[in-house]
Amino acid sequence: MRGWQLDAGGHRADWRVLRRLGPFVRPHARAVVAGLVLMAAASAARILGPYLVKVAIDGPAARGDVAGLAALSAAYLAIKLLEGGLDAAHTVLLRVRGEDVLRDLRSALFAKAHRLPAAYYDVTPSGAVLARITSDVAVLSDLFSSGMAALFGDVLLIVGILVAMFRLDPGLALTAYAVLPVLAALSEWFRRRMRVVYRETREKTSRLTGILGEHLRGAAVVRLFGAEAWSDDQFARANADHLRAFLKSVTLYALFFPAVELAASVATAGVLWRGGVGVAGGAVTFGTLVAFFEYVQRFFRPVRDLSEKFNVLQASLAAVERISEFLDRPEEPPGGREQPRAAGQVVFERVTFSYDGQPPAVQDVSLIVEPGEVVALVGPTGAGKTTLVHLLLGLYRCPAGTIRLDGVSLDALDPAWLRRHVALVPQDVFLFRGSVMDNIRLGREWVGRGDAEAAARAVGLHDAVAALPDGYDTPVLEEGVRLSSGQRQLVSFARALAGDPRVLVLDEATSEVDQATEAVIEQALDTLFRGRTNLVVAHRLATVRRADRVVVLARGRIAEQGTHRELLERGGLYRTLYELQFRTSSGLPGAEEAP
Ligand SMILES: Nc1ncnc2c1ncn2[C@@H]1O[C@H](COP(=O)(O)OP(=O)(O)OP(=O)(O)O)[C@@H](O)[C@H]1O
Ligand SMILES: [Mg+2]
């Protein structure tokens, strides 16, 4: 857990990255333009106010024209009301549209996450993807609502005030401008310091959240190993670092804001002195002097805000950059064709595959699995069994060799079609929030409730589900029931079976299951295997024994193959594995008899 979550790059982001947001903002273009126009109008009203004061003082007030004064006071109030109304209108407009844009962006990022190749997730921690869709998008919220728009409004206001002052009285304006170089230098200093501190704070925050997440997820391990003190210490350190970084920014603000106030006071004092002299000598009207006081007051707030906002803007640009990079990543290659039907013959032809930059995980594997067959894949841990079945599901492309389904290379098949006909029961069961039914159907519209229930019956899950408070509609996970590990396994089986696949790929869990679960799974397998092509990564003796053929994988290569009995008699690697793994571990009661 490092800075990657939030602010990875140290470089200054480029405004041009904003173009990537074009497609998301374009549908709201009219509203955005309208919002900016309203904002410009609000800035104009802000500049007009002090001018009205000047006109009132120098005109009707000086002449003793009560009616004129009343009219101008009313006009002043009207302008203020207008200013408030415009502010409210553009804030609501831009915020609402901004949030619409963010919602669309979040959905687009999430959809993108599904289209990325499986290999992407091998090298990217899921937290990074999570950060793209959550915190990076959240940072943009500032960009749309307060950031960009406010920047526009503030700049308009600053320029407008400078121009208004100059038009009223160039000499007095120059006096007020005298502090500008100091102010500019001060802002630049603050901006630079703040940039560093801001990044540090973000890094420390992400580290703190990272440790928090990790240690809460591992809370059971911490407890089991009595590691509470160690865990507390890790957290306390990150917490203290975070505080230190945060205090730096507090100090910076504590210095900068009063400094800007001081600059404003110097400008005010200058205006008072030069303006006072001018009024005494008749060169400056009293109204102009009052208007200047107002302008000087209004000028410094946006200046102060601008330097403060600049860092937020930089952070937003960096977020846009990361979001763009994510959106533009190459996707899983688009699908090939669908076949009229699948018979289910699986052929691996001299398949070699390695994960990015690593030695081959699968090497020169050739294997044919005929429809109706049950082939068990066994081998030591890390031998490449899971990799091989992932290749069959088209999760990775094989650079060398071919995998064919009914004679057609996977490269030519539509991955969605392929995965509909070749179902994988993965090594680890994954349940989503929702009901048991939702978890079996998993949003596949071609799997009806009836199919799901039939599948549950077939694998022996039905009785357990029927006993639940709401049957198939009982929620699992949060606020729901806790399924036992065997039941979870059966849900996973039912999920695969409900789609009635031609080819079933089962990656057996490595973890030990208790004997009751073992018996349940054993029965379920009978149904699962019937009438299909079955490739099973086997970790249990019972599974190996029922296989028509056993293929032994070692270091990515096929070392031996044959029936359980043949391989035992041969006395090779399988025999060793058998003695180490299968014989001693799981198996049906009484299944450990001699070969
Ligand atoms: N996503 C991945 N990225 C990089 N290397 C990987 C990845 N998955 C597996 N490997 C490596 O590839 C090799 C084969 O792993 P694989 O998961 O296929 O083994 P396995 O035979 O299924 O092992 P087990 O019996 O423990 O499940 C191992 O050396 C492993 O470290
Ligand atoms: Mg595996």
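# A guided tour of the predicted model

Begin at strand S12, where isoleucine 558 is the bridge partner of leucine 553. Helices (DSSP runs of H or I, at least four residues) and strands (runs of E, at least two) are numbered from the N terminus. Residues are numbered from 1 along each chain as its sequence is written, while chains are lettered from A and ligands numbered from 1 in the order in which they are written. This is a predicted model, in which local features need pLDDT of at least 70, side-chain atom pairs count only at pLDDT 80 or more, and totals for chains, interfaces and linings use all residues.

Two strands count as paired if DSSP finds at least two bridges between them. Valine 552 has glutamate 560 of S12 opposite. Between the two strands lie 2 residues, and in this hairpin arginine 555 takes a positive phi near 45 degrees.

Next, select S3 (residues 374-378), which pairs with S11 in the parallel sense over 4 bridges; valine 375 has arginine 549 of S11 as its bridge partner. At S6, 4 bridges form a parallel pairing with S9 (residues 503-507), and alanine 423 stands opposite leucine 504 there.

Then centre the view on ligand 1, which is surrounded by 14 residues; the closest are Tyr355, Thr381, Lys385, Thr386 and Thr387. A residue is counted here if its C-beta atom, placed from the backbone, lies within 6 Å of the molecule. H11 (residues 385-392) gives the most to this shell, with 3 residues. By class, the shell has 3 nonpolar, 9 polar and 2 charged residues. Ala, Val, Leu, Ile, Met, Phe, Trp, Tyr, Cys and Pro count as nonpolar, Asp, Glu, Lys and Arg as charged, and the others, Gly among them, as polar.

**A helix pair**

Select H16 (residues 485-498) and H17 (residues 515-529), which pack at an angle of about 5 degrees with their axes 10 Å apart. These two helices are therefore roughly parallel to each other, a term for angles under 35 degrees. Their contact includes Leu490 and Phe493 of H16 and Val520 and Ile521 of H17; residues are in contact if their C-beta atoms, placed from the backbone, lie within 7 Å. The contact has 8 nonpolar, 4 polar and no charged residues.

**The four-stranded sheet**

Move to the open sheet of 4 strands, ordered S2-S1-S4-S5 with antiparallel pairing. Its edge strands are S2 (362-369) and S5 (408-409). S4 (residues 400-405) is joined to S5 by 2 bridges, and leucine 405 has valine 408 as its bridge partner.

**The two domains**

Finally, colour domain 1 (3-327) and domain 2 (346-582) separately; these bounds come from an automatic or database domain assignment. Their centres, taken over C-alpha atoms, are 54 Å apart. The contact takes 4 residues from domain 1 and 4 residues from domain 2.

Definitions and conventions:
Contact = placed C-beta atoms within 7 Å. Axes fitted to C-alpha atoms, helices over the stretch in contact; angles between N-to-C directions. Parallel < 35°, antiparallel > 145°, perpendicular 65-115°, else oblique.
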